[in-house]
Each structure stands twice: as structure tokens, then as C-alpha cells.
Amino acid sequence: MANAGLQLLGFILAFLGWIGAIVSTAMPQWKVHSYAGDNIVTAQSIYEGLWMSCVSQSTGQIQCKVFDSLLNLNSTLQATRALMVVGILLGLIAIFVATIGMKCMKCLEDDEVQKMRMAVIGGVIFLTAGLAALVATAWYGHRIVQEFYDPMTPVNARYEFGPALFTGWAAASLCILGGALLCCSCPRKTTSYPTPRPYPKPAPSSGKDYV
């Protein structure tokens, strides 16, 4: 029962991480405009995501513009998009595979070893999805830091980490943790001992006993 509870906990954590990766990919606040500098303008807030850039006015009005050309985007943004989408697709596959291997499901009840292997495979796929999201968010965050400390970047054109980036880091951590817990369902190898050889029974004596 303890192993089944650990398996269920890993699946729930990985599933929440997958949901977080979807939310992070859709959010437009991957980087927000930095107000560091002498001329601070708080009348509007500028932020960008993987798919659009938005301007939020102090009056509450929000205007967003979707990135039109894919080829016009920088390589970091294209790679981040691809890694996040790949991570989400891998997470979807991992959900179906891990569900088959869950002990609370009726699938593959006759073959317990194969059922555990399916859970482990789902955990490995979750680990891969989490690593893809982690690489994407870390790469994007590294680019923000580089541009922020670049002396050639104007002060009014610098950005900082946005909420979507932190959401992506948390989602990647949950996927990795959940996948690791699912991998703990790996079936243990049973040690096979050789069958003990029976000792030969003494043959009954056919002769008479002599005194």
C-alpha cells in the first residue's frame, strides 16, 4: 500500500506540473519591463511572452500584439517555444502511459511486472518533459539576465523575470519530482535460489540380519 501511495503521489505531482507547463506557456508575462533607472514611468506596464507582447495602462486597458512572423523572432524565443511545446506533448503521452501502470487501475492486472514497467516508463517520460521545460525556462531566463546587464542595452529597454517564468520553473520541478517518484515503482529483481537436491534414500536390505 505504501508503494501504491507513493506512486499516486508522483502521478499527482507530475500532472500538476504538466498543467503548470501549459499555463506558463500560455501566459504573456515571461519578461516584464524593468523600472530600474532615473526616469521611472509607472503609467504603463510592458511585458512579453512566447506568443505576444502586451502593454497594460494604468487605467486598466490592455493592448496585446501577437508575434506575426516566426522567422523574425530571435533564436532563444523559437527554441523556448519548441521546448515548451515538446514538454507538453511528452507530458500528455506520459499521462496515458503512467495511467495504465497505476496500481489503482484495472489495466494489465494479470501481469504485475508489465504494469510496473508501464508506470516506470511514464515516470521517465515525465522526467524528460520536466527537463525540457527546465531547459526552456532556464535558457530564456539566462537571456533576460544577459540583456539586462549588457551595457549596450538602453535602460528603458531592459526586462526582468516575469510570473510565467517562475510558474515554468515550478512546473518543471513538479514534473521531475513526480516522474522520479513514479520511477520508484521499478520492479525489484527476485533472487532465485537453486532447488535443493533430494538426498537418496537408503535401499532396503534384502538379506537377513545375522546376530
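Figure 1. The unreviewed UniProt entry carries the annotation "transmembrane region" for residues 79-98, 119-141 and 161-184. The coordinates shown are those of a predicted model. For residues 119-141, the end C-alpha atoms are 33 Å apart, and the span is 100% helix and 0% strand. Residues 161-184 are 88% helix and 4% strand, with end C-alpha atoms 34 Å apart.

**Figure 2. Helix H2 and its start.** Helix H2 comprises the 27 residues 75-101. At the start of H2, Asn74 places a side-chain oxygen within 3.2 Å of the backbone nitrogen of Thr76.

**Figure 3. The five-stranded open sheet.** The strands are arranged in the order S4-S3-S2-S1-S5, with antiparallel pairing, and the sheet is open. Strand S4 (62-66) and strand S5 (159-161) form the edges, each pairing on one side only. On average, neighbouring strands of this sheet are turned by 25° against each other, direction ignored.

**Figure 4. Pairing of strand S3 with S2 and S4.** Strand S3 (residues 52-57) pairs with S2 in the antiparallel sense through five bridges. Within this pairing, Val55 in S3 is the bridge partner of Ile46. S3 and S4 also run antiparallel and are joined by five bridges. Here Cys54 has Cys64 in S4 as its bridge partner. The hairpin of S3 and S4 has four residues between the strands, and Gly60 in this hairpin adopts a positive phi near 100°.

Figure 5. Side chains of opposite charge can pair when their charged atoms come close. Lys31 and Glu48 form such a salt bridge through their side chains, at 3.7 Å from N to O. The two residues are 17 residues apart, with Lys31 in strand S1 (residues 31-33) and Glu48 in strand S2 (residues 44-48), so that the pair links distant parts of the chain. Is Lys31 buried or exposed? Lys31 is buried, because its relative accessible area of 12% falls under the 20% cut-off.

Figure 6. The closest N and O atoms of Glu147 and Lys31 are 4.0 Å apart, and the two residues form a salt bridge. Glu147 belongs to helix H3 (residues 112-148) and Lys31 to strand S1; the pair therefore ties together parts that are 116 residues apart in sequence. Glu147 counts as partly exposed, at 29% relative accessibility.

Figure 7. Why are Glu147 and Arg143 separated by about one helical turn? The reason is that they are four residues apart in helix H3. An α-helix has 3.6 residues a turn, so residues three or four places apart point the same way. Arg143 is partly exposed, with a relative accessibility of 27%. The structure holds three salt bridges, and a network of salt bridges links Lys31, Glu48, Arg143 and Glu147.

Key
Residues are numbered from 1 along each chain as its sequence is written. This is a predicted model: local features need pLDDT of at least 70, side-chain atom pairs count only at pLDDT 80 or more; totals for chains, interfaces and linings use all residues. Side-chain values use heavy atoms; hydrogens and water are left out. Buried means under 20% relative accessible area, exposed over 50%, partly exposed in between (1.4 Å probe, protein chains only). Two strands pair if DSSP finds at least two bridges between them. Axes are lines fitted to C-alpha atoms, for helices over the stretch in contact, and angles run from 0 to 180 degrees between N-to-C directions. The expected span of a helix is 1.5 Å times one less than its number of residues. A polar contact is a pair of N or O atoms within 3.5 Å; within protein, one must be able to donate a hydrogen and the other to accept it, and residues adjacent in sequence count only if both atoms are side-chain atoms. UniProt positions are given in the numbering used here, feature names are shortened, and annotations may be inferred rather than shown by experiment.
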